[in-house]
Amino acid sequence: MSATSSAPGAQQQRFADYLDSLAQAAEHVDRVEPLKSYCKGLLLPGERKSVEPMAARLAPDNVRQTHQSLHHLVADAPWSDEALLEQVSHSVLPAMKRNGPVIAWIVDDTGFPKKGTHSVGVTRQYCGQLGKQENCRVAVSLSIATEHVSLPIAWRLYLPEEWAEDRERREKTGVPQEISFQTKPKIALEQIRKAVREGVPMAPVLADAAYGDDTKFREGLSELQLRYTVGVRGPTTVWPSGKAPLPAKPGKRRPAKCLRRDKNHQPVSVKQLAESLLSREWKTVTWREGSKTKLRSRFAATRIRPAHRDFKRSEPHPEQWLLIEWPKGEREPTKYWFSTEPADTSQRELVKLAKHRWIIERDYQELKQELGLGHYEGRGWRGFHHHATLCIAAYGFLVAERSRFSPSARASRLELRTAKLPSEFTPRGSPRTRRAS
């Protein structure tokens with residue numbers, strides 16, 4: 001760390017320069033200062049990062065006007081989320097790459113528990129944060145990752161089919177007309193295509209089984225010439241190494257084109273294949289240092305061909321890796337991955353890449369706990385996305401600082417000055433407000 005970069009006020013200056021780089025995405029001069037203030041408010045200490053508490057921290061002597069300015073920016077102003085996220089990635093990526101190249105694009109989704117049925121996208125569905133079916137909304141994201149840091153570069157709410165087909169609720173929450181029902185893998189594939197068009201440094205795509213089990217998602221990645229390592233579920237069928245579907249049956253008049261199976265020649269599930277492997281094919285692999293000990297487990301890797309609906313194809317699916325994790329002491333394998341990494345890739349390299357998805361857990365943890373990703377109180381489509389985009393923009397500065405010289409950079413540790421809250425200020429929804437009402 002240089003004397004200049006550690007001098008008092010140096011971080012504030014870098015933050016000011018960073019916000020200046022984002023200001024062009026505000027699309028109107030009147031939005032520049034509110035955008036900068038909103039990002040600063042997200043990074044200031046404080047439990048609640050909704051508009052009203054942030055206004056009080058930013059301008060304790062002018063809370064009402066500041067509140068109105070921030071609320072208009074996030075709930076009403078028609079600036080582009082995609083343009084701002086693109087500017088964030090352009091500003092942060094050079095800092096990220098100082099300590100190594102982009103090694104993965106990571107697809108994931110995250111849930112936000114939410115009561116009621118009026119906030120956009122809320123329905124009863126699986127919520128990863130709670131680990132069960134619950135009333136919530138879910139957003140799909142694409143992140144870029146180096147060895148040490150990661151950053152979301154795309155973000156979109158998953159709109160359940162019941163919402164997509166409900167004209168009244170769409171109109172009330174401002175869902176754009178062009179937004180139709182799409183599966184999460186399809187949303188992710190659109191995000192990836194956009195990243196390719198924008199020239200984001202290409203890297204293997206990582207995703208869990210909610211995406212990897214979708215054949216069209218995997219084929220879409222291959223069409224984009226992107227390698228992938230994606231989770232699949234135990235019942236997924238494959239042809240083991242050395243086996244393939246039967247060739248098309250010769251026809252007397254018109255030759256058949258589709259591959260065949262018969263009762264004696266069938267693919268097997270990845271679970272069946274895992275259970276058939278010999279003990280010498282399983283190896284204990286360490287992939288990284290954990291907080292207390294090295295992270296290791298037992299893995300096997302074998303070449304396979306996916307079998308999904310290949311009886312409708314004229315050529316077999318390309319050969320690729322099947323990576324399996326079966327920890328000692330477990331009754332059956334716990335995870336499976338398909339990977340299009342080269343055939344000469346070592347088992348340790350396959351494991352290390354598959355397990356690199358862990359890095360975005362820190363992103364979601366900080367975005368939710370420190371930057372208030374789930375604190376937006378409005379119900380509309382625009383406000384939900386604007387708030388998330390600004391949270392990611394603020395987080396981008398933390399990623400840049402962390403990449404610069406301080407892996408422990410946190411929102412609450414930044415050198416940003418905050419004013420003292422008015423003694424009489426009590427934000428809506430606080431325990432004091434509820435007791436008094």
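Predicted model: local features only at pLDDT ≥ 70, side-chain atom pairs only at ≥ 80, totals over all residues.
Biologist: At roughly what angle do the axes of α4 and α5 cross?
Modeller: The axes are lines fitted to C-alpha atoms over the stretch in contact, with angles between N-to-C directions running from 0 to 180 degrees. Angles under 35 degrees count as roughly parallel, over 145 as roughly antiparallel, 65 to 115 as roughly perpendicular and the rest as oblique, and α4 and α5 are therefore oblique to each other. Their axes come within 8 Å, and the crossing angle is roughly 130°.

Biologist: Is the crossing of α3 and α15 left-handed or right-handed?
Modeller: These two helices pack with their axes 9 Å apart and at an angle of about 70°, and they are therefore roughly perpendicular to each other. In the contact, Leu35, Tyr38, Cys39, Leu42 and Leu43 of α3 meet α15 residues that include His387, Cys391 and Phe397. A crossing is left-handed if the near helix is turned anticlockwise from the far one by less than a right angle, and right-handed if clockwise. For α3 and α15, the crossing is right-handed.

Biologist: Which helices are included in what covers the buried residues of α3?
Modeller: Buried means under 20% relative accessible area, exposed over 50% and partly exposed in between, with a 1.4 Å probe and protein chains only. The buried residues of α3 include Arg31, Val32, Pro34, Tyr38 and Gly41. Their cover includes α2, α4, α5, α6 and α15.

Biologist: How far apart in space are Ser69 and Tyr38, C-alpha to C-alpha?
Modeller: Ser69 is found in helix α5 and counts as partly exposed because its relative accessibility is 30%, whereas Tyr38 is buried in α3. In sequence, Ser69 and Tyr38 are 31 residues apart, and their C-alpha separation in space is 9.5 Å.

Biologist: What distance separates the C-alpha atoms of Gln87 and Ala393?
Modeller: Gln87 is found in helix α6, and it is buried because its relative accessible area is 17%. Leaving aside neighbours within four places in sequence, Gln87 is in contact with Ser21, Leu22 and Gln24. Gln87 and Ala393 are 306 residues apart along the chain, and their C-alpha atoms are separated by 8.9 Å.

Biologist: Which residue has its backbone nitrogen 2.9 Å from a polar atom of the side chain of His375?
Modeller: His375 lies in the loop between α14 and α15, and it counts as buried because its relative accessibility is 13%. Not counting residues up to four places away in sequence, His375 touches residues that include Glu47, Ser50, Lys368 and His387. The backbone nitrogen at 2.9 Å belongs to Lys49.

Biologist: What percentage of the residues in the protein chain is buried?
Modeller: The protein chain has 16 helices and twelve strands. Of its 437 residues, the buried share is 51%.

How values were computed. Residues numbered from 1 in each chain as written. Heavy atoms only, no water. Helix = DSSP H or I, 4+ residues; strand = E, 2+ residues; numbered from the N terminus. Contact = heavy atoms within 4.5 Å. Polar contact = N/O pair within 3.5 Å; in protein donor to acceptor, adjacent residues only side chain to side chain.
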